[in-house]
Amino acid sequence: MFIPSDIERRVSACLERSESVKETNVLEGVFNHFLQNASVFRDREILRHDYVPENLPHREEQIRFLGEIVAPVLKGERCSNVLIYGKTGTGKTAAVKYVLSKLNQKAQEFASSVSFCYINCRWAGTEYRVLSTMCSALGVKVPFTGLALGEVFDRLQKGLDTQNGIFIAVLDEIDALVKTHGDTLLYELTRVNEALQFGKTSIVGISNDLRFKDFLDPRVLSSLSEEETVFKPYDAAELRNILLDRAKSAFRGGMLSDSALSLCAALAAAEHGDARRALDLLRVAGELAEREGARIITDEHIRRAETRIEHDRVVEALKNLPAHSKLVLFGVYLLVKVNIARAITGEIYEIYCELCEHVGLTPLTQRRVSGLINELDVIGLLNTQVVSMGRYGRTKKIRLGVARSIIRRMFMNDERFGRLVKYTPKFLVGVSGA
DNA sequence: CGTCCACAGGAATGACGGGCGG
DNA sequence: CCGCCCGTCATTCCTGTGGACG
């Protein structure tokens, strides 16, 4: 049965009505088309990567390990701090969330006092926001900003003592926090138990970077990683199982071709076994198929999903870029367009200054632009590599990290810098090869 | 074999807006 | 309203450096 009968009735009634109105509204057509086509999805949510499934294939061992670590909580004892390593999309977050939700259920049965707090440090961004998130999980009120860090920490401590139970804080992408703000916060957190009379705190750290340890003070490291475990990337076969598992409940029966499933797994396996990416591919492919009313998801849908995801990523990144970063990026685009193999910091800076003048912005210093280039490298819009040209100095070779056509299209649509597409900087006149 | 280019990238510092507590 | 402390962005000054050239 595709659609429950009462919905079916309403759909046909709706269609009849719209025929009589003769499609006065464009959207009417879109919506009707959507309703008429049997949906590809049974439950789209299942393919979102923040969805925690009932069953995590190929992670039984890690789940058991984590379970053993947190079990003491049920008897009111503090559990060891854990450090979890693994690249993106290896199931770290899902496994932790899974284990903690089960623990929570058990704790309710036994009426043990446990509370949890999940924080993604990269989203939080600053030590302050990490602390304030922990506070609000305890029901302690803290303003968005304005307080001294120490004050927030004191409030957290008081909150922990009043709560008088066990508090487990999950710090996801903990490496991002340490890289930008150092390990002082972690140091304080690992020592907070000494200052507490009643409450007890445990920390679960999740890191995407395997070399995370190098950034930590040995004292912090030893107390933070009382236990540790590594999540290995999935291989293609494992990814296939995971996808199959989710696809069964996410799609309607027979919607997914076998080869499309394998292709999806293979593509994600090539990209360091990232399950998150595999799920995205599958979801977007499903959406593409649905939109065109296809009866089955094919290899071609997966391929198109791949380019679609890439495109969206760039568009999203570019949209939120500050003006100066846009100009730097556009400078690189211009250099690459004129087929200059060696896009170098100095050249980019010159073009950038020219572009600034052209649009009436005061240029930033080269030091700052150098920083912007690094930021663009991190987002993946640029690829950079430090090279030495001997007698002619040491610099950075810079290439575009994405297809030129995408950059060009984005800039043409940019209301502020759109006209730059037609502009040729003086710097390039005469230098041009092809 | 030393020099010296053209930067990389760290550290210190400041300007600025937001948001507190008093 | 003030003084204080944040986070963010930017500048200034600085030391470090791989390797072709002389």
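Tutor: Let's start at Gly159, which is in contact with Cys135, Leu138 and Val140 once its neighbours within four places in sequence are set aside. Contact here means that the C-beta atoms of two residues, placed from the backbone, lie within 7 Å. Keep in mind that this is a predicted model: local features need pLDDT of at least 70, side-chain atom pairs count only at pLDDT 80 or more, and totals for chains, interfaces and linings use all residues. Residues are numbered from 1 along each chain as its sequence is written, while chains are lettered from A and ligands numbered from 1 in the order in which they are written.

Gly159 is part of helix 7 (residues 149–163). Helices (H or I, at least four residues) and strands (E, at least two) are DSSP runs, numbered from the N terminus. Gly159 counts as buried because it has 20 C-beta neighbours inside 10 Å. The cut-offs go like this: 20 or more other C-beta atoms within 10 Å of a residue's own make it buried, 12 or fewer make it exposed, and anything in between is partly exposed, with C-beta atoms placed from the backbone. For a sense of distance, Gly159 and Ala124 are 35 residues apart in sequence, and their C-alpha atoms are 20 Å apart in space.

Now step back to the whole chain. Chain A has 18 helices and seven strands, and 33% of its 434 residues count as buried. Take the contacts in chain A between residues at least 6 apart in sequence: 70% of them join residues at least 24 apart.

Val70 belongs to helix 3 and is buried, so its count is 23 C-beta neighbours inside 10 Å. Beyond four places in sequence, Val70 is in contact with Cys79, Val99 and Leu103. Glu228 is 158 residues from Val70 along the chain, yet their C-alpha atoms are separated by 13 Å. Phe231, in strand 5 (residues 227–231), is also buried, with 20 C-beta neighbours inside 10 Å. Leaving out residues up to four places away, Phe231 touches Gln62, Ile84, Tyr85, Gly86, Thr90, Gly91 and Lys92. From Phe231 to Val40 there are 191 residues along the chain and 33 Å between C-alpha atoms.

Next, the cores. In soluble globular proteins, nonpolar side chains tend to be buried together. A nonpolar core is a set of buried Ala, Val, Leu, Ile, Met, Phe, Trp, Tyr and Cys residues joined through C-beta atoms within 7 Å. The largest one has 51 residues, and Val96 and Leu171 have the most contacts inside it. Helix 4 (residues 92–110) supplies the largest share of this core, eight residues. Leu171 touches Ile119, Cys121, Ile203, Val204, Gly205 and Ile206, again not counting residues up to four places away. A second, separate core has 29 residues, among them Leu239, Leu243, Ala278 and Ile297.

Most residues other than glycine have a negative phi. Glu173 has a positive phi of about 50 degrees although it is not a glycine; Glu173 lies in the loop between strand 3 (166–172) and helix 8 (174–181). With 21 other C-beta atoms within 10 Å, Glu173 is buried. His58 has a positive phi as well, near 65 degrees, and it sits in the loop between helix 2 (26–36) and helix 3 (60–70). His58 counts as partly exposed, with 18 C-beta neighbours inside 10 Å.

Last stop, the DNA. There are 18 residues around DNA strand C, and Ala148, Leu364, Arg367, Arg368 and Gly390 come nearest. A residue belongs to this set if its C-beta atom, placed from the backbone, lies within 6 Å of the strand. Helix 6 (127–137) and helix 17 (366–379) are the elements that give two or more residues to this surface. By class, the surface has four nonpolar, nine polar and five charged residues. Here Ala, Val, Leu, Ile, Met, Phe, Trp, Tyr, Cys and Pro count as nonpolar, Asp, Glu, Lys and Arg as charged, and the others, Gly among them, as polar.
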